[in-house]
Amino acid sequence: VSDPRAIGVFDSGVGGLTVARAILDLLPREPMIYVGDSARFPYGPKPVEEIRRYAIDIADYLVHRDVKMLVVACNSVEVSGLGDIAARAGIPVVGVIDPGTRTAVHATRNGVIGLIGTEATVTSGAYDRAVAATGASVTLHSQACPVFVEHVERGDTTSDALRSAAREYLVPLIERGIDTLILGCTHYPLLSGLLQLELGPDVVLVSSAEETAKDVYATLLRSGLERREPDAPAHEFLSTGEPELFQHLAEVFLGPELLEVRAAQALPVGGGSWN
Ligand code: DGL
């Protein structure tokens, strides 16, 4: 049997596209409905009750669209009450916190892990609980990075203002000797270049996007929900904000291959790097 229904993925904006990208890489036959709540972005500085209300709106919308699985591609949503969302959905729900935590606990060599995220995520203590639940004897040092998401939503990954903010956030983590950093916000993988440059090559960056996609893969197969038709699926990307702006950022961050497929004959293959 084949289940043609879409996987529902949502975030406060474009950050969840890092998770969407990773899912599409592992499950190229699966259709996706993505919702970015750009009109109410950012979630990070808001009270968790408010974030939970928004998240429930979107989850209800996606359930109404008959998605077969919900992927909460936003740490700030997950800390506001994944349980509520799961209970209302009646379908498998995959979050981002456990996958990233598991990977970090395995990656650390000295047992000192850093976490960066929004204010909502850091103050919730959700990662401290997730790390404790693994039973590993590691120490977690957390740092909220409130301005990061605004830069990412503007398509800025290189400005001087962003770089000096990064230095200010990262120095206390470097001083504590972290050898692994969890990117506890789905916008942050887009800042991996900057983060690695500032932290140096010895610090392992853990992007929950890729780890979450593996959980989505496992959950889909375990629940027997795969779509088996070989033809390319149709995706839907929805923004509650300005669609043109979202479209532009999605092209940059999700990848143009999703929106435009070029024929192989049109590529300059003669004498080129293919030989
Ligand atoms: N991408 C969201 C997260 O993973 C947060 C962005 C926001 O503050 O809205 O936490």
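Predicted model: local features only at pLDDT ≥ 70, side-chain atom pairs only at ≥ 80, totals over all residues.
Which residues in H9 meet which residues in H10?

**Close-up 1. Helix H9 packs against helix H10 at an angle of about 50°.** Here you can follow H9 over residues 160–175 and H10 over residues 192–199, with the two axes 10 Å apart. That angle makes H9 oblique to H10. The crossing of H9 past H10 is right-handed.

**Close-up 2. Residues of H9 meet residues of H10.** From H9 come Leu 162, Arg 163, Ala 166, Arg 167, Leu 170 and Ile 174. Their partners in H10 are Leu 194, Leu 195, Leu 197, Glu 198 and Leu 199.

**Close-up 3. Helix H2 packs against helix H4 at an angle of about 25°.** H2 covers residues 48–64 and H4 covers residues 82–89, and their axes lie 10 Å apart. Angles under 35 degrees count as roughly parallel, and H2 and H4 are therefore roughly parallel to each other. H2 passes H4 in a crossing that is right-handed.

**Close-up 4. Residues of H2 and H4 make the contact between these helices.** On the H2 side, look for Arg 52, Ala 55, Ile 56, Ala 59, Asp 60 and Val 63. On the H4 side, the contact is made by Asp 84, Ile 85, Arg 88 and Ala 89. The contact of H2 with H4 has six nonpolar residues, four charged and no polar.

Methods. Residues numbered from 1 in each chain as written. Heavy atoms only, no water. Axes fitted to C-alpha atoms, helices over the stretch in contact; angles between N-to-C directions. Helix = DSSP H or I, 4+ residues; strand = E, 2+ residues; numbered from the N terminus. Parallel < 35°, antiparallel > 145°, perpendicular 65-115°, else oblique. Left-handed = near helix turned anticlockwise from the far one by under 90°. Contact = heavy atoms within 4.5 Å. Nonpolar A, V, L, I, M, F, W, Y, C, P; charged D, E, K, R; others polar.
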